[in-house]
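Q: I am new to this structure and would like a careful look at how its side chains meet. Please begin with one contact and then go on to the others.

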Amino acid sequence: MSPRLGLLALFVTGLAPAVAAASDAVPSDSAAGEARLDPDSVGVPGFGVVFEGGAEEQRVSGRAALRYGAFALDGTLSGANVDTTTGRSVLFDSLDARPKGRVALGLTWTSFAIHDYADVLDQVEKLCEEQAAEEARAAEASLAEDEAYAEAKKNADARGLAGAEATKRAQDLAMALAAATTAVGEADRQEAEAVTRAKGALAEVERRSVEVGALAGAKDKERTKALADAERALAAARAAVAVATLDVTLAAERATRARLDVALAEARATEAARTLEFAKSAAESADLALEAERRRVLDLRPSGCAASTLTPEREARVVWPFHPTYIAALRGAVSSMRTEFFDPVTATKARESSHPWKMSVGVGTFLVPTMLLAATLSYGRTRVIGDASLLCEELPVETRVDGAGPFTTCGDITLGQPLWTQSTALRFEHRQYLTTGLSTNPSFTYSWSGEETGPFAPSQGAYRFEVPVYLRASLGAADDKALVVGAAYAHEGTWGAPQNETRDDVTLFFGGGFDIGAL
Amino acid sequence: MGDVKVVLKGSFSNRDASVDDRALPLVGTGAAQSATVSFAGPGAHKLKWVVTGAPGAKYTVTLSGATDAWSQEFTLKGGRDAGLKSFQVK
C-alpha cells in the first residue's frame, strides 16, 4: 500500500478540529474526523480550506491531509478575520499579534481499513478455494447423471460423426473432381493429336492428287503403272484422312464427356462443401449447447467469492477482527501559537510561542449504514490568556512623548501572562454521512477545564450543542465531485459556574470536492 | 495499458478495496464508490474488498473497462462481508 491523497476538497465550513482543540472552551472535533470535510465514510479529505462566518468573528482555516491506510496526517493553518477589540481585519497578521491564529498538525487513526482485514481475506480466499474445489467435484459427479447433459452430449457426438462423414465425402468428391479435370486434359491432348494426324493425312492426299495429275502426260505404259500406284497411294491417303477424321471426332466426344464429368464433379463438390459447412456449424452448435449444459450443471458462471457466498459451515469458520458495525478512532493534534501579551506584574510586553496539544479517542456504531452514533473523549493542554478588551478598560499602556497623558488606549495586545490549563471533553454525535441531498450531524459536547495543578471540577464546565445541516450535490459520472452548502447553529454555555453565560452562533459554510486520484 | 474501473454500490457504512494488495482510492458520494486502476499490460490480477453495514443489506461489486465485464450482488449477512475476484486485463 502506498501513501495516497484521497480527495482534494475546497470547503467553506466551520472550525478545523486542531484549532478548536487549542483555543475553544468547548472543543467541537470528533475523533472520527471532521464531518464537514469527510468525503466518504471514515476518511479525511486530501486537502481542504475552511472558512467560517459566524456571529462574533470570522475565521479562515486551511487543512491538508495525507492518508496511509488507516492513518491520516493533517495540517491546519488558521487565522481570524476580525479582531473583536479593534474591529479591524487582522487575518493572518493575527498569527503574530493575537492568539487567533494557529498552525496545527494532527494524526488520526480509524479502525476500518483493509489491512485490518488482511487475515480475514486470507481466510476467505482459502475457504473459497476449498469450496470451489468441492463444488467442482460434486458438479462433475452430477454431470454424469444429468439427462439434459447426456442428451446434449449424444447430440454433439452425432453431429461430430456427421461432420466427419461430410468431411470424408467432401474429400472423395474433391479427388473425383481432380480425376475428371485430368481426364479433360488427356482428352484435349488426344483430340489435338488426332487433328494433327488428320491434317497430315489430308496434306498427303493433296500431294498424291498432284502426282496423279502430273502423270497424265506420260507414256501410256509407264503412265498406266504410275497412275495405278498414285491412285493406290491416293486411296490410302484418303483412307488415312478418314481414320484421322474419325479419331478427331472420337477425341472430341471424349473431351466433351470429360468436361461433363468435371461439371458434375464440381456440382457435387459444391454441394459437398455446403454439406460440410452445415455439418461443421451443426457440430459447433452442438458443442456450444454441450458447454452451456455443462456450465449449467457445474454452475461455472464467472463469479467472485465472498464470505457471504460461502456455505454457513465455512462462513462460521471466518474469524473477524471485531464486530464490523463498530468503529474506533484515535486522534492526536499539536498546534503552535505565538502570543504577544502585556504582563501587568512586570509591566512589560512579551512574546511567546506555545504548543497546545490534544488526544482524542472515539467509538462509534452504525445505526443504519449511513448513520453513525459516536462518542469522543478528549484531553488536552490548552493555553489560556486574558481578554484583550480588559487592556483597554483597565491599564494605561502608553504615554505620549509630548507629555500628554497618561491615558488609556486599546492596544492590540493581551492582558496577563498565558497559563497552561488542562481540558477534558466528552462529545456525543449523531453523524449522517454526506450523501446526495440533506444530512445533518448534531452533536453535544461537555467540557471542563482547570489549571494543571489543583483538582478537576467536572461539575463546573461548559457545554456546546451544535446542529449543522448540509445540502450536498454529486457531480461527475462517477460521483467523484461534490458541492456542499450548509449552516450550523451552535449554543454554548457554562454549567455550574457562579455566573452562567450562554452564547448562540450561526455559521454558514459552502464548499466542494473532487478526486485527485492515487499517488 | 488498460484501465479497469471498480465500483462498489449499495447500502454499506464502510468499505475498502484493494487490487493486488494495493489499496484503492475509492471516491464517490453516498452508496456508489468507485476507483479506476491503470495496468501496464495484460495479466492476471486480484480484487479484494471488505464491506460493512446493516445486516441483510445488499451491495454490488462491478468490474468494467479493459477486462471482461463482471457484476455480482452480495449480501451483508452478519453486517459484514469480505470477498475477492480474480480478473484478467486484456
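With which residue does A:Arg189 form a salt bridge, and how far apart are the closest N and O atoms?

A: This is a predicted model, in which local features need pLDDT of at least 70 and side-chain atom pairs count only at pLDDT 80 or more, while totals for chains, interfaces and linings use all residues. Residues are numbered from 1 along each chain as its sequence is written, chains are lettered from A and ligands numbered from 1 in the order in which they are written, and side-chain values use heavy atoms, with hydrogens and water left out.

The partner of A:Arg189 is A:Glu186, and their closest N and O atoms are 2.5 Å apart; a salt bridge here is a side-chain nitrogen of Lys or Arg within 4 Å of a carboxyl oxygen of Asp or Glu. Both residues belong to helix α4 (residues 147–214) of chain A, where they are three residues apart, about one turn of the helix; helices (H or I, at least four residues) and strands (E, at least two) are DSSP runs, numbered from the N terminus. A:Arg189 is partly exposed at 41% relative accessibility, and A:Glu186 is partly exposed as well, at 35%, where buried means under 20% relative accessible area, exposed over 50%, and partly exposed in between (1.4 Å probe, protein chains only).

Over all chains, a search of the whole structure finds 18 salt bridges. One of them joins the side chains of A:Glu130 and A:Arg314, at 3.1 Å from N to O. Because A:Glu130 lies in helix α3 (residues 118–145) of chain A and A:Arg314 in helix α6 (residues 312–316) of chain A, this pair ties together parts that are 184 residues apart in sequence. A:Glu130 counts as partly exposed, with 33% relative accessibility, whereas A:Arg314 counts as buried, with 7%.

In chain B, B:Asp68 forms a salt bridge with B:Lys90, and the closest N and O atoms are 3.1 Å apart. B:Asp68 lies in the loop between β6 and β7 of chain B and B:Lys90 in the segment after β8 (80–89) of chain B, so the pair ties together parts that are 22 residues apart in sequence. B:Asp68 is exposed, with a relative accessible area of 53%, and B:Lys90 is exposed too, with 61%. Elsewhere, salt bridges that share partners join A:Glu125, B:Asp21, B:Lys46 and B:Lys48 into one network.

Rings of Phe, Tyr and Trp (its six-membered ring) pair if their centres lie within 6.5 Å, and planes under 30 degrees apart count as stacked, over 60 as edge-to-face and the rest as tilted. The rings of A:Tyr446 and A:Trp448 have centres 5.6 Å apart and planes at 40°, so this pair is tilted, and both residues are buried. B:Tyr59 and B:Phe74 form a stacked pair, with 5.5 Å from centre to centre and 25° between the planes. This pair links distant parts of the chain, since B:Tyr59 is in strand β6 (residues 58–65) and B:Phe74 in strand β7 (residues 70–75) of chain B, 15 residues apart. B:Tyr59 is buried, with a relative accessible area of 0%, and B:Phe74 is buried with 1%. B:Trp49, B:Tyr59, B:Trp70 and B:Phe74 form one aromatic cluster.
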